[in-house]
Amino acid sequence: MGLMRQIWVGRCWASTSASVSSATGKTSSTPGVTKKGKISPDGSPTYSTCLHMVDGGSPSIVTSEEWTNAKPYEQVPGPRPLPLLGNTWRLFPYVGQYKISDIARISYILHRDYGRIVRFSGLVGRPDLLFVYDADEIEKCYRHEGPTPFRPSMPCLVKYKSVVRKDFFGDLPGVVGVHGEPWREFRSRVQKPVLQLSTVKRYVTPLEEVTKDFLVRCEQLLDNNSELPHDFDNEIHKWSLECIGRVALDTRLGCLEPNLAPDSEPQLIINAAKHALRNVAILELKMPFWRYFPTPIWTKYVNNMNFFVEICMKYIQNATERMKSGGGGSVMEEPSLLERVLKAENNEKLACIMALDLILVGIDTISMAVCSILYQIATRPLEQEKVHEELRRIIPDPSTPITYQHLEKLTYLKAFIKEVFRVYSTVIGNGRTLQEDAVICGYRIPKGVQMVFPTIVTGNMAEYVSDCNSFRPERWLKANQGGFEGKLHPFASLPYGYGARMCLGRRFADLEMQILLAKLLRSYKLEYNHEPLKYAVTFMYAPDGELKFKMTKRNS
């Protein structure tokens, strides 16, 4: 859930591509470019929808004047590959130029050195990466991508779903790591209840209860200096997991309970969640030996996934039993997300796979986003006071239960979150695998190339954002809300992606983060009194260091 679209570090840098034509069996002349086919078990990207024939009969761009006048693909600027080593050597430890953990800086360097379009080719065993820093071109790509866009996916998840546990997933692959018609068909069956506003509103009170428990836990963790512990990010992780369990599985998992036994179900869930996506980073950013034999990290990944499938099915079946007995999972009239899906589809496995996808991609994305937001609010006292004053105005009594109407009025709080995402985008960028030849930035780009749209850079470019180097939440407000006039290109900062593959759980992600900030900052002051933290990529882009916030109770 949440900022759940792909982080391209793990998916674009790691995805491989078969470059064999299904028609002729010959290897493509363009590195990493596929001709035609389906999703292979190892996650190799192919295509199913023609970018330039999405209307069912438009002529191919290769016959157009635009294509004829465009420059050849080989002339796209970028780092020059060396014989045999290509550009892979640039990512080697010690001798290479770049570190994967410093991928945000790499994105800036490539733009600085090569301009608005950069070809990163010669990555051994991997397709070419095409970095596009032009927001107008990014908009054009998104708006013409058709109903089944191909987003570079996690090969290890593809292999798990389509090979290791084909017995379970079968023809219900879910929405993560899936493409073409199977993806579109599954998403069409679950997106209405997930995106329906009435469903989202139903979770304000349950998520507020989770957040209240989290704040009680925070108070218990404070030391003599009113500071939270050095591993506070783990507590945020638990809060995120508890929120997702409440939404996706219609239950409280118990992750916020103190002194959990090592073999208790909540602790096992916490352990599995902690390693779920981080194992993906190791599997896909290092040599992929797991493709050929079961390495220890691959075995651990499979065991974690199996555990999550088991947990999801357990709670889905519990919900089904409650519904059969007339108990339902809700004390309110509005049915829960899980109840909606089960009533509409009458399929426990479909509900389980939906919940699994929401959990897998939501835990780290939301928790890392919250780490970044809390660090920024703690180190920006003026903006924090503005948020607090807004909260005092909208919610005079801090004990008043939060409503959706309250959240709608918190315009500055929501603007602050958006500005954090613009300047410190948790998801470094979005990506697409080009499904048909196209002209981008005046160059002929062949199908199969993996395009990268580095939000972390475009959101901070003066061409698209006025006063881009200043942190100004007001830029997201309307004039009558205290906003200011200036440039803000709609495709410069897209933390949730865009189009058909836009984040399915974005409304729940927003809800969780808004409720947490509202409950926390209405009653507490947050400070950070240590050396400034740098940002780095673990699996997401977030502050790299101990989040020892000082948390002080405010007078009501």
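**Helix α7.** I started at the bend in α7: about 35 degrees at Arg189, with a proline, Pro193, following within four residues. I took the bend as the angle between axes fitted to the seven residues ending there and the seven starting there. Helices here are DSSP runs (H or I, at least four residues), strands likewise (E, at least two), numbered from the N terminus.

This is a predicted model, where local features need pLDDT of at least 70 and side-chain atom pairs 80 or more, while totals for chains, interfaces and linings use all residues. Residues are numbered from 1 along each chain as its sequence is written, and side-chain values use heavy atoms, leaving out hydrogens and water.

**Strand β2.** Which way do the side chains of β2 (residues 129-132) point? Leu129 and Phe131 point one way, Leu130 and Val132 the other, and all are buried. In a regular strand, side chains alternate between the two faces of the sheet.

I then checked pairing (at least two DSSP bridges between strands). β1 (residues 117-120) and β2 pair in the antiparallel sense over four bridges, and Ile117 has Val132 as its bridge partner. β2 and β6 (residues 450-453) run parallel, joined by three bridges, with Leu129 opposite Gln450.

Key: Buried means under 20% relative accessible area, exposed over 50%, partly exposed in between (1.4 Å probe, protein chains only).
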